Amino acid sequence: RSGVVAVFTFPSNLKTRSNHKSRRRTKISTIFSELHKMVYMNIGDIVDASIKSIESYGVRLSFCGHSILVLAPEVSWLPGHNGNWDQGLREDSQCRVKIIRYHADKNEFIGSIKQAHPEDDPWRDPNLFSAGTAWRGVVTHKLYESGSAQTAAYIVEIRPGVRGYLERPGSQKMEMRVGDPVDVVVSQLEATVQRLIFSPAAEPS
């Protein structure tokens with residue numbers, strides 16, 4: 001017996017079967033890895049998504065198979081002048097987006113580009129606009145009295161994205177036009193709703 005060598009013959013297709021199983025396990029592992037990426041995108045996450053289309057109402061983006069919709073008011077901290085809120089956006093470019101909610105019925109995330117960039121918020125320090133501070137602004141809109149062509153007030157922008165209400169002074173003889181510069185003083189600040197009330201700056205005597 002000591003001189004006998006036992007030789008075991010394995011089926012010729014065993015290695016092939018093993019390779020098939022290995023490839024199948026790798027494929028399943030890849031699928032679960034991709035599913036893991038898709039499932040674990042949470043509200044509050046900030047991601048770099050790809051712009052798929054720019055519509056009249058907002059921007060559609062994609063990230064790891066997810067669809068993300070950013071409505072026009074959530075694109076920029078600065079109000080779009082003449083509706084040009086989509087300036088600087090291009091299809092197939094990358095854009096940083098904060099996920100703010102999920103619509104299960106549409107299988108779609110709702111995002112915000114501006115909330116992904118809090119450093120650009122012109123209201124991040126409301127104390128800059130405390131009552132008594134003086135500013136030079138620009139008239140952006142005229143408000144009229146009901147049923148009249150008489151100007152009742154103006155909307156004045158003192159810096160990009162920061163506007164307030166200025167009642168037309170009774171002593172004003174000539175109406176201001178949109179685009180005119182105007183010196184104002186903050187008379188009231190409502191920081192929680194980002195609202196300013198202006199009064200005319202005192203003219204030098």
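**Notes on the predicted model**

1. Tyrosine 102 is partly exposed, at a relative accessible area of 36%; buried here means under 20% relative accessible area, exposed over 50%, and partly exposed in between, with a 1.4 Å probe and protein chains only. This is a predicted model, in which local features need pLDDT of at least 70 and side-chain atom pairs count only at pLDDT 80 or more, while totals for chains, interfaces and linings use all residues. Residues are numbered from 1 along each chain as its sequence is written, and side-chain values use heavy atoms, with hydrogens and water left out.

2. A search of the whole structure finds three aromatic pairs. The ring centres of tyrosine 102 and phenylalanine 109 are 4.6 Å apart and the planes meet at 45°, so this pair is tilted. The criterion is centres within 6.5 Å for rings of Phe, Tyr and Trp (its six-membered ring), with planes under 30 degrees apart called stacked, over 60 edge-to-face and the rest tilted. Phenylalanine 109 counts as buried, at 8% relative accessibility. Elsewhere, Trp123, Phe129 and Trp135 form one aromatic cluster.

3. Now the strands. Five of them close into a barrel in the order β1-β2-β3-β5-β4, with mixed pairing. From one strand to the next the twist averages 50°, where axes are lines fitted to C-alpha atoms and angles run from 0 to 180 degrees between N-to-C directions. Strands are DSSP runs (E, at least two residues), numbered from the N terminus, and two strands pair if DSSP finds at least two bridges between them.

4. β2 and β3 pair in the antiparallel sense over six bridges, and arginine 60 stands opposite leucine 69 in β3. Their hairpin has two residues between the strands, and cysteine 64 takes a positive phi near 50° there. β3 also pairs with β5 (residues 108-112), in the parallel sense and over two bridges. The bridge partner of isoleucine 68 in β5 is phenylalanine 109.

5. Which residues have the most contacts inside the largest nonpolar core? They are Val59, Leu61, Ile68, Val70, Val75 and Val97, in a core of 17 residues. At least two residues of this core come from each of β1 (46-54), β2 (58-63), β3 (66-71) and β4 (94-103). A second, separate core has 15 residues, including Val139, Tyr154, Met176 and Val182. A nonpolar core is a set of buried Ala, Val, Leu, Ile, Met, Phe, Trp, Tyr and Cys residues joined through side-chain atoms within 4.5 Å.

6. Is glutamate 108 buried or exposed? Glutamate 108, which lies in strand β5, counts as buried at 7% relative accessibility. Leaving aside neighbours within four places in sequence, glutamate 108 is in contact (heavy atoms within 4.5 Å) with Arg60, Ser67, Leu69, Tyr102 and His103.

7. Leucine 89 sits in the loop between β3 and β4 and is buried, with a relative accessible area of 19%. Not counting residues up to four places away in sequence, leucine 89 touches Ile51, Ile54, Val59 and Val75. Leucine 89 and valine 75 are 14 residues apart along the chain, and their C-alpha atoms are separated by 9.6 Å.

Technical notes: Helix = DSSP H or I, 4+ residues; strand = E, 2+ residues; numbered from the N terminus.
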